[in-house]
Amino acid sequence: MSGGGLNGRTAIVGIGATEFSQAAGRSETRLATEAILAALADAGLSTADVDGLVSYTIDPVEETELVRALGIPEIGWSSRVPYGGAGSQGVLLHAAAAVASGVANVVVAYRAVRARSGARRFGAARAGGATSSHSGTTAGQWCAPFGVLTPASWMALNATRYMHTFGVSSEDLGRAVVGLRDFAATNPAARFYGRPITLDDHQASRWIAEPAIRLFDCCQETDGAVALVVTAADRARDTPAPVTIAVAAAAALAGQEVATDHYSPDLSVMTGSTALARRLFDQTGIQRGDLDLLMVYDAFTPMLFMQLEGLGFCGPGEAKDLIASGALARGGSLPANTNGGLIGEGYIHGLNLTTEAVRQLRGTAANQLDRAELALVSASRTGVILARA
Amino acid sequence: MVDTITAMDALTHPVPAVTEDNAFFWRAAGQGRLVAQRCAACGLLRHPPAVGCPACHCLDHDVVELSGRGQVYSYALLHHPRSPRFRYPVVAVLVDLEEGVRVVSNLVDVDPADIRVGLPVEVAFEPTDDEELAVPVFRPRTGTARTGTARGGAGATDGDAR
């Protein structure tokens, strides 16, 4: 059984975040420190309890700086996860594995980013090097000489094929965005708080990468930080509001890269999500129908559609129908991205999807669901299922 | 207005990120050849290059010239954001080559309205800032594209609707 030694044995006991903005006005190290202090306070723990740190390979914050600033006495585990945002839920897998194995007792997973105001604006056109700072892709070198310079342009090549194969239109994508912006409109932490849109608004937004991605299909470049505190399930019982990590999994496949999987035989199918679903569902016995909430990595709308299909929430090409049914929207049978998602709330590289799942399971979300016992967070190739403790 | 993008008015491409493992590809393009690695043991053709064969683990490979003929597997007209190094919309394509490998490239000499999945294409080459290196681009295979159609390009809806 995948992760059999991990399942249910650890918990998220604290979450913290800075404000999400377009100009934080302070360093990523400062942002991470603020989020971590908030997460530890939320957990009722202190920096002296922390003995593990996990982040993304491309996170700019130095562990040594965090340890110095926070006064962490001793670190027994530190690791980083590749694949950019697709690896975002992998930080929970690493944290859970470290705790369940006994190597560490309290692990902090964090991501700090100035995707809008920082030296590296995430959506900007930039020349590609041979690698991408160990983010899990080397494909940029084959794109940059052709002007394929942005995450949206990488993804659009997959998305056009997906839309061609299954007859998906920009309007189909737009219906999902309307739902996301509806959730964001009532989430005070969201970039688009108070700013819902109509399908016409979506269709009037300018093309970024035609015919797949309009402006309103894009997540928001965001400044901010998120931190989560993971410890053992038995220790978690002594904390104010634990959420159990029912299962955490990663599925990295040959040929699959971040948003740049241009070489798999059939780009209409997100094979990484299919593999992830095997580890999350087939190998644990958790049923998709047991879930009350989906949090799905929506850097661009087509990624949401392709993940829903890859994860098995509908058949290939049927995400447009699932979206049109309203099932994933406010009041639907399986609400998704209730914070507005990366498109509506902001883009802390996927980790703000996890904190929303924790809030829902605690009963403290801005758009609180009536029933929230079990939530899936998927970043296409890494994922967690969280359970109310 | 016909929004045809031609090789003639394309800018020089930025120099690719050349590594020990990929230099052969860009240098061959500089000589007007589209090439790929072929496993010296089992003959598996592969692109992008890899240091070993995923099928048989042989670490030796030959470099073979490809026909340069293929079909558009997917595409995107890139409008924003813009780099001063390119003309917009950039026509990005994935081309499935006859030999069975896929490449990221640009489509040139084409009315954007004519671009479609399955369009038969053939290779051409455009210069980079390094005169010894070039990039393989593609154009509709002769006789397969409607040319000179007097309609707006597919990028005509490019208003700023933010």
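Which residue stands opposite B:L78 in strand 4 of chain B? In this predicted model, local features need pLDDT of at least 70 and side-chain atom pairs count only at pLDDT 80 or more, while totals for chains, interfaces and linings use all residues. Residues are numbered from 1 along each chain as its sequence is written, and chains are lettered from A and ligands numbered from 1 in the order in which they are written.

The residue opposite B:L78 is A:A209. Strand 5 (residues 207–210) of chain A and strand 4 of chain B pair in the antiparallel sense over 2 bridges. Two strands pair if DSSP finds at least two bridges between them. Strands (E, at least two residues) and helices (H or I, at least four residues) are DSSP runs, numbered from the N terminus.

The contact between the chains takes 36 residues from chain A and 38 residues from chain B, where two residues are in contact if their C-beta atoms, placed from the backbone, lie within 7 Å. On the side of chain B that touches chain A, strand 4 (69–78), strand 5 (90–97) and strand 6 (102–106) of chain B each give two or more residues. Strand 4 of chain B supplies the largest share, 6 residues. This side of chain B divides into 20 nonpolar, 13 polar and 5 charged residues. Ala, Val, Leu, Ile, Met, Phe, Trp, Tyr, Cys and Pro count as nonpolar, Asp, Glu, Lys and Arg as charged, and the others, Gly among them, as polar.

Chain B also has an open antiparallel sheet of 3 strands in the order 2-1-3. Its edge strands, each pairing on one side only, are strand 2 (45–46) and strand 3 (61–65) of chain B. Strand 1 (residues 35–39) of chain B pairs with strand 2 of chain B in the antiparallel sense over 2 bridges, and B:Q37 has B:R46 in strand 2 of chain B as its bridge partner.

Chain A contains 13 helices and 11 strands. Its radius of gyration, taken over C-alpha atoms, is 19 Å, close to the 21 Å that the globule rule gives for 389 residues, so chain A is as compact as a globular protein of that length. The globule rule is 2.2 Å times the number of residues to the power 0.38.

An open sheet of 9 strands in chain A has mixed pairing and the order 3-2-4-7-1-8-11-10-9. Strand 3 (77–81) and strand 9 (293–296) of chain A are the edge strands. Strand 9 of chain A runs parallel to strand 10 (residues 374–378) of chain A, joined by 4 bridges, and A:L294 stands opposite A:L376 in strand 10 of chain A.

Two helix pairs in chain A remain. Helix 5 (residues 151–166) and helix 10 (residues 301–310) of chain A pack at an angle of about 55°, with their axes 10 Å apart. Axes are lines fitted to C-alpha atoms, for helices over the stretch in contact, and angles run from 0 to 180 degrees between N-to-C directions. Helix 5 and helix 10 of chain A are therefore oblique to each other; angles under 35 degrees count as roughly parallel, over 145 as roughly antiparallel, 65 to 115 as roughly perpendicular and the rest as oblique. A:M155, A:A159 and A:Y162 in helix 5 of chain A meet A:P302, A:M303 and A:M306 in helix 10 of chain A. This contact has 6 nonpolar, no polar and no charged residues.

The axes of helix 1 (residues 28–43) and helix 2 (residues 63–70) of chain A come within 10 Å and cross at roughly 55°.
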